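Dear colleague,

Please find below the sequence and structure that I am handing over to you. My notes on what was found follow directly after them.

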Amino acid sequence: MSKMTPHEMARHIGGGLLSFPVTPFKADYSFDEATYRSNMDWLCGYEVAGLFAAGGTGEFFSLTPAEVARVVAVAVDETKGRTPVLAGTGYGTALATEIAVSAEKAGADGLLLLPPYLMHSEQEGLAAHVEAVCASTRLGVIVYNRDNAMLNEDTLARLCDRCPNLVGYKDGVGDIELMTRVRARIGDRLTYVGGLPTAETFALPYLDMGVTTYSSAVFNFVPEFATAFYAAVRRRDHATIDAGLKNFILPLIAIRNRKKGYAVSIIKAGMKVIGRDSGPVRSPLTNLNESETAELAALVASLPGAIAGNRQAAKQAAE
């Protein structure tokens with residue numbers, strides 16, 4: 001795949017499923033490059049419109065800027081142009097721009113700007129932050145509306161005027177009214193990405209609002225299910241969607257909701273139960289306990305769409 005312009009990249013990812021690969025760690029919590037390469041190569045074998053290296057599920061918060069650059073470089077090298085690689089960036093403005101520059105040098109196709117560290121600020125300050133990151137790179141930038149980085153439709157409109165490479169808006173809060181206002185004001189100027197934890201629960205109603213893609217964390221360990229579910233969403237197959245939610249997504253959410261931080265931890269556990277152990281999560285996150293991991297394994301093993309090897313690994317982990 002040749003390098004795309006920011007708007008070409010945005011249109012491309014808007015046409016298919018997205019995911020955030022986990023960042024594997026060894027027992028000493030150092031980056032496990034070999035496992036990461038194996039995982040990325042495996043995921044590229046499925047229909048995916050873009051992979052986000054060192055994103056939220058990839059534990060961006062725990063990586064140093066140098067580690068982010070290395071993870072992105074490895075992702076770019078291993079995917080070999082089979083799908084766009086977008087890099088996470090964030091923290092304060094100085095660090096976010098530094099990481100953006102290094103991600104571009106590493107060969108990333110785009111950037112996801114995560115919320116700045118800790119601070120709550122006014123729209124003017126958030127706009128200055130986004131604009132500085134956009135100005136630091138030629139890559140297309142997607143802003144992540146979540147937590148302490150909530151841009152309203154007026155701020156987004158001004159940023160779209162000032163930042164040609166601001167190409168995407170990822171919603172991580174599920175505020176339907178805000179999403180409606182943003183979509184009505186901005187129209188097709190941006191590509192809209194569903195970005196709530198376990199985005200499958202919001203996928204169908206968001207599709208009717210013009211949000212044609214979402215980031216699927218479970219794609220990491222059940223890519224067959226994730227791609228089939230996305231296809232069902234795009235064709236508005238309510239029966240398949242309802243069955244997927246009832247039989248897999250909602251039981252998974254029940255496990256995820258037991259402890260804070262499990263939105264990431266449960267994906268690492270999923271990798272383990274299918275035989276692609278990607279190591280522990282870094283603190284301050286905590287890993288699922290043995291009974292929770294066994295419960296997840298039984299859930300994965302029950303999926304009719306799981307490939308034989310993954311299903312067998314999950315069954316063994318559940319025993």
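**Salt bridges, cavities and a surface patch**

Glu-177 and Arg-181 both belong to helix H7 (residues 176–186), where they stand four residues apart, about one turn of the helix. Their side chains meet in a salt bridge, with an N to O distance of 3.1 Å for another pair discussed below and 2.9 Å for this one. Please bear in mind throughout that this is a predicted model. Glu-177 counts as exposed because its relative accessibility is 55% and the cut-off for exposed is over 50%. Arg-181, with a relative accessible area of 33%, is partly exposed.

A further salt bridge joins Asp-188 to Arg-183, and the closest N and O atoms of this pair are 3.2 Å apart. Asp-188 counts as exposed, at 68% relative accessibility, whereas Arg-183 counts as partly exposed, at 24%.

How many salt bridges are there by the rule applied here? The count comes to 18. One of the pairs is formed by the side chains of Lys-3 and Asp-109, at 3.1 Å from N to O. This pair links distant parts of the chain, 106 residues apart: Lys-3 is in the segment before helix H1 (6–13), and Asp-109 is in the loop between helix H4 (93–105) and S4. Are the two partners buried or exposed? Lys-3 counts as exposed, with 54% relative accessibility. Asp-109 counts as buried because its relative accessibility is 15% and buried means under 20%. Salt bridges also connect Glu-33, Arg-37, Arg-70, Asp-77 and Glu-78 in a network.

**Cavities**

The whole structure was searched for cavities of 30 Å³ or more, and two were found.

The largest cavity has a volume of about 80 Å³. Its lining consists of Leu-113, Leu-114, Pro-115, Pro-116, Leu-126, His-129, Val-130, Val-143, Tyr-144, Asn-145, Ala-149 and Leu-151. At least two residues of this lining come from H5, and at least two from strand S5 (140–145). Sorted by class, the lining of the largest cavity has ten nonpolar and two polar residues, and no charged ones.

The second largest cavity holds about 50 Å³ of space. Which residues line the second largest cavity? They are Gly-194, Gly-195, Leu-196, Ala-199, Phe-202, Ala-203, Tyr-206, Val-211, Thr-213 and Tyr-214. Helix H8 (203–207) and strand S8 (213–214) each contribute at least two residues to the lining of this second cavity. By class, that lining has seven nonpolar and three polar residues, again with no charged residues.

**Surface patch**

On the surface, a nonpolar patch is formed by Tyr-117, Leu-118 and Met-119, which together have about 370 Å² of accessible area. Leu-118 is found in the loop between strand S4 (110–113) and helix H5 (123–135). At 53% relative accessibility, Leu-118 counts as exposed.

With kind regards

Terms used: Residues numbered from 1 in each chain as written. Predicted model: local features only at pLDDT ≥ 70, side-chain atom pairs only at ≥ 80, totals over all residues. Heavy atoms only, no water. Patch = residues over 30% accessible without salt bridge, like charges linked within 9 Å, V, L, I, M, F, W, Y side chains within 5 Å. Areas by Shrake-Rupley, 256 points an atom, 1.4 Å probe, with all protein chains shown as cover. Salt bridge = Lys/Arg side-chain N within 4 Å of Asp/Glu carboxyl O. Buried < 20%, exposed > 50% of the residue type's maximum accessible area, 1.4 Å probe, protein only. 1 Å grid on protein atoms, 1.4 Å probe; cavity = no way out; pocket = protein on both sides within 12 Å on 5 of 7 lines; lining within 4 Å. Points joined across faces, edges and corners; volume = space filled by probe spheres on them. Nonpolar A, V, L, I, M, F, W, Y, C, P; charged D, E, K, R; others polar.
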